[in-house]
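Visitor: I would like to learn how to read strand pairing, helix packing and a chain contact. Can we start with the strands?

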Amino acid sequence: MPKQLELSRRLFLKSSAVAGGGFALAISVPFAASANAEAGAQELTAFVTIHPDNKVTIIGKNPEIGQGIKTMLPMLIAEELDADWDDVSIEQADTNAAKYGLQLAGGSFATPMNWMPMRQAGAAARAMLMGAAAQRWNVDVSALATEPGRVVQPGTNRSATFGELASDAVLQPVPDPASLTLKDQADFRIIGRAIGGIDSPKIVRGEPIFGVDTQLEGMVYAAYERSPVFGARLVSADLEAAKAQPGVIDAFIVEGNGNATELVDGIAVIADNWWLANKARSALAPVWDNGEWESHSTAGYAAAAQEYWAAGGGEVFAEKGDVDTGFAEAAQTFEAEYHYPFLAHVPMEPMNCTALYNDDGSIEMWAPSQTPQGGQGSVANYLGITPDKVTVHITRMGGGFGRRLNNDYMVQVAAIAKQMPGTPVQLIWSREDDVRSDFYRPAGWHRLRAGVDEAGKLTTWADHFVSFDLGGGQFNPATMPADEFPAKYVDNLRFEQHMMRTAVPMGALRAPTSNAMAFVMQSFLDEVAHATGKDLPTLMLELTDGVEAEPMTMGFIGPQPGFSAPRLQAVTRKVLEMSPWGEEMPEGHALGFGFYYSHMGYFAEVVEASLNAGNRPVVHNVWCAGDVGRQIINPFGALNQVNGAIIDGLGQAMQLAVEIEGGAAKQSNFHNYPLPRMPMTPDIHVEWVLSDNDPTGLGEPALPPVIPALTNALFALTGKRVRSLPIRPEMFA
Amino acid sequence: MTFSITINGETREIDAPGDMPLLWALRNELGMVGTKFGCGIGMCGACTVHVDGQATRSCSLPLSAVGDKQVSTIEALGQTPVGQALQQAWLDEDVMQCGYCQAGQLMNATALLNNNPNPTDDEISAAMSGNICRCACYGRIHEAIAKVARDEETANA
């Protein structure tokens, strides 16, 4: 039986007439009860307007960060409406939780969350158009069908465009959701078609579309000086010296609100050109009280991890069987220490936000935010006003990757704008600000142990994990899931942890936790596999042999399919088939394998790598088998996400790290935080395993497995095991 | 200080300090925001414009150094045959994800094809290596450029 989210039985529709004979339909679909219900995301809403000229306008409610959602969600509605895609235009919604439900770009949630409701919305509109035609032609609705953009009566020459029917459709009764039939997959005309990004024509012409392109009459620019040391407080600054710099209009101190995810102490410099504002920062001579935090460093954290490992006795967060007996009885035991660094997000569009604070105490904002509703709430709190006084326009974003889940730049510009009512102000961060004031992917340290029995079977698995306590109340990416693979498939298990205090801000980076765990766990499993005379995919298949798919479970978006070992097995077998796994490789080349399950997606990847003369890894090919359900909604966007995620992961593995020294980030820009560039792009071969499950998201799950696939390939090539990222050429010298 | 600079064939007066990078004169003085700020140190290529036909990082070019050279930007790219062909190829290949770096990619790619109408795969990669795409749409950028080069070759055959 296909596993799918339940078709909602409750569908609320509100139709209204549009001037000139159009038909607007607002469809609300209550969210299945879920862990997120308290977050106010109880329903999803779609807005469709059919104009008399047959044009269809669909509101794109979610923020667009390059994941393609502004194109994809309307495809779902247009499919079931049976619209002609060429007639569809899409408008970006403003932030409004009451009207649109949850507006979020994150967690690869949008696809599974919207797959059914958006199609139901389109089907409801189609039913009303057909009802209008049935009435007009005095026939039973069952005699009618639709073709793109029109209702027809097959066998006759009766035909009316949606636009012609719109004014009648608005008078139709709201359909009973039970009467709505969704299309069969085989009949899809829009879903499954490679459709280009809806904003792309504007982008290639250089039209203003991103947050930082916002221009308002009389707008001024702000730069924000904050301490490079996290957790520091401002003591003093030479505001007069900054004000004396060319072009500077004002400079003033902004006091933090005690919440580093919102507002830290700093100095705002205002000018009529951002470059002048930013340049004037050098005259500020700020004095900071760094407190205890300036003693913090990556090296210090690493040393502390060693101490925790030596002392033992961490907080146990997963345990079964008896690991001590397991290790005592094991025929072979393994032990290794793994580490991964802090990482920055560095979306290409630096953090920015534009705000206009009005004399009546309200504020209007143009915000590139992945969580505009969260930003709206933070700004309202900070200003002491109700959220309805905070108007937030959602702009297209030059990348997100999780950075814009935090809205510190929104609160910063609100604090600045409040000092200058009536004047629009655009805050822009330099790239240095961005790299040095991020919410980093947490660094982590793992001391792993494994035991196998006489038959070579993995029986015992233990990890002492050291990472950071980020305080309560926020999503903590510095965690390790209690069921981290292969926890479920061993007899004896113990996961324990120590969480260190820190002022270094951390947050979710594309595939949070998974981007770190995949490297650690799939590498250590590869160690076990090699030492027991098999390869990693064989070990993965053995561990999950005969294991059935787990039942539906309750996730962020409501009921979702549980982990499926058969899907793991299918993508693993597929990638071995696609790649030259087991075949002789060219001299100096080797293959490595990695699998990871995250965000409901199953990805198995094989990397072909060599080392260049400088002992730097060169990736030649990546084979990728992915299972995100039975339907790829937009093959254009889907492949772009997978290719991008793979290159992103390779960059993390090969060359990226943020190091903390003296309580501050040492890296500052692309010269020392070197993102992947075109010459390092491998040939990437992607195939889909279409399993009978509802489609799920693709922004993240292709990333994690490529990292261990690369490090495992380097082991196969050199016999040297990468246990710390990023990969250092010296280890192969 | 006032500078008189030719941008997209039009002479513009800019009253700003001579050390202001061309990028910030374009964006904040003239409101031409198609040219993007990415790093400010010439490492990412998002701010690429043409100066006398050469791809140039406008974040690192002071106004005082522009002189009487001809500046052209993404806003005028569609007025040249190669630029227009590349814009179309970008759409046909659905190159972009977030799209923020693409103005710079397109300007750099146009300069490449203007100088070398038939680049090899390695020449494309080398010429484009100064332009970062954080979404890593490199495969499609490469293919779009190669496609335009192939089409031009066919058209001229």
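Visitor: Which residue in β26(A) stands opposite A:Gly592?

Guide: This is a predicted model. A:Gly592 faces A:Val607 in β26(A). The pairing of β25(A) with β26(A) is antiparallel and runs over nine bridges.

Visitor: Is β25(A) enclosed or open?

Guide: In general, side chains of a regular strand alternate between the two faces of the sheet. Now this case. Eight of the nine residues of β25(A) are buried, so the strand is largely enclosed by the rest of the structure.

Visitor: What does β25(A) have to do with α17(A)?

Guide: The buried residues of α17(A) pack against several elements of chain A, including β25, β26 and β27. Helices α13, α14 and α16 are also among them.

Visitor: How many residues of α17(A) are buried?

Guide: Eleven of the 13, so α17(A) is largely enclosed by the rest of the structure. Among them are A:Val706, A:Pro708, A:Asn712 and A:Leu717.

Visitor: How far does α17(A) reach?

Guide: From first C-alpha to last, 18 Å, close to the 18 Å expected at 1.5 Å a residue. A:Gly719 follows the helix, with a positive phi near 75°.

How values were computed
Residues numbered from 1 in each chain as written. Chains lettered and ligands numbered in written order. Predicted model: local features only at pLDDT ≥ 70, side-chain atom pairs only at ≥ 80, totals over all residues. Helix = DSSP H or I, 4+ residues; strand = E, 2+ residues; numbered from the N terminus. Expected span 1.5 Å × (residues − 1). Buried ≥ 20, exposed ≤ 12 C-beta atoms within 10 Å, placed from the backbone. Contact = placed C-beta atoms within 7 Å. Pairing = 2+ DSSP bridges.
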